[in-house]
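Thanks, everyone. I have one structure to walk through today. Let me put it up.

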Amino acid sequence: MNAAARTPSWSALQTAAVLLLCRLTLFFCCDQPYTAAYAKGMLAAALTEAVLLLPLAIFRRFCRFPPAMMWIYRVFSLISAAFLAAEGFRLLHALHSAQPALFAAMFLLTLLFTVSRPQAATARAAVILLVTVSTALLLLPVSGIRTANPVSLHMPGSVSGAFFREFRCSPELALLPVLLSHPKKQEQYAPHALAVWLIGRLAVLPGLVLFGTMQNGRLTRGAGSPFFLMLAGAPLSDAVRTDGFWMLFAAGSAVLCVSFFLQLALPPSRRPVRALLTVMLLFTGLTWLCISADYRGTGLGIAALLLGALLPGVLLPISRTRRQKS
């Protein structure tokens, strides 16, 4: 199926919202301690991705995928969905969530409903979630300015480790060619979507890591989730904490992003219910394997880079040349 037919009414903001929420979900689940080196590595990786994605913005209207290549993207989407779900369950374990088996059952039942909905509904929900989290992020500096300790920015860390971790935690990078092959009349669709996505990657996430570094101080080993540790050190007030809101948002974001990947993984079929059940069964098995084998995304970043930047960067100019000759 043509990728354009799968996203008939998406806007640039909706595309960027889905992409940012995919990265935010893994950001919340990451157990890597916050340091200034971590923020530098994230920034360097985002800049590298911006350079690699230039061909997509330039040659977006010439993007056409043969059916065989679309099957590769579907398989990658299924694996990415399983990885996201496994990371979400690890976060619940780190936060000592009660009744994990019950949560897993509710998670699967919710996915059966959300994956069966149109992708346009996923896109609209992504914008609502992104606006909500953007408002909540604005309150973090206000509530945590009095407890920030700039001396913590001088703690040692690995920039290269953070650089490669950022690629590993960016599976949405692979699906940019599919999303940007949108049949929009406005030629600014792809640049606008990429611009909003990169603003979040270049400014918001590194800034959040720096803020968390000043809040968490020297707690860099065995501290669980550094994001929720930061929330514990920067409550909204003496009587109001926001941990519950962020746990709810992390769960909702995980459901939305896993639904997004599974919707892209669904093959065209005359029996949509059968296709949905097959994909959900494969997803459940892959998620169990990721959890059992403690899979942390090894190789996922390389695959995302090949599918999202390098491969289309080679194919799109070739496609443009062929279209001009014809």
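Leu109, Leu112, Val273 and Leu277 make a nonpolar patch of about 380 Å². Two elements give two or more residues each to this patch: helix H6 (100-115) and helix H13 (272-292). Leu277 sits in H13.

A word on terms. Patch residues have over 30% relative accessible area and no salt bridge; like charges are joined within 9 Å, and nonpolar side chains (Val, Leu, Ile, Met, Phe, Trp, Tyr) within 5 Å. A salt bridge puts a side-chain nitrogen of Lys or Arg within 4 Å of a carboxyl oxygen of Asp or Glu. Areas come from the Shrake-Rupley method with a 1.4 Å probe, and for residues only the protein chains shown count as cover.

Keep in mind that this is a predicted model: local features need pLDDT of at least 70, side-chain atom pairs count only at pLDDT 80 or more, and totals for chains, interfaces and linings use all residues. Residues are numbered from 1 along each chain as its sequence is written, and side-chain values use heavy atoms, with hydrogens and water left out.

Now the whole chain. The secondary structure is 14 helices and 0 strands. Helices here are DSSP runs of H or I, at least four residues, and strands are runs of E, at least two, numbered from the N terminus. The chain exposes about 15300 Å², and carbon and sulfur atoms supply 69% of that. Of the 326 residues, 50% are buried. Buried means under 20% relative accessible area, exposed over 50%, partly exposed in between (1.4 Å probe, protein chains only). What about contacts, meaning heavy atoms within 4.5 Å? Among those with a separation of 6 or more, 87% join residues 24 or more positions apart.

Next, helix H3, residues 36-52. Buried residues of H3 include Tyr38, Met42 and Glu49.

Over to helix H12 (residues 243-265), which holds Gln263. Gln263 is buried, at 2% relative accessible area. Where does its side chain go? To the backbone oxygen of Thr114, at 3.1 Å.

Last stop: Asp294, in the loop between H13 and helix H14 (300-325). Asp294 is partly exposed, at 44% relative accessible area. Most residues other than glycine have a negative phi. Asp294 is not a glycine, yet its phi is positive, about 55°.

How values were computed:
Contact means heavy atoms within 4.5 Å. A polar contact is a pair of N or O atoms within 3.5 Å; within protein, one must be able to donate a hydrogen and the other to accept it, and residues adjacent in sequence count only if both atoms are side-chain atoms.
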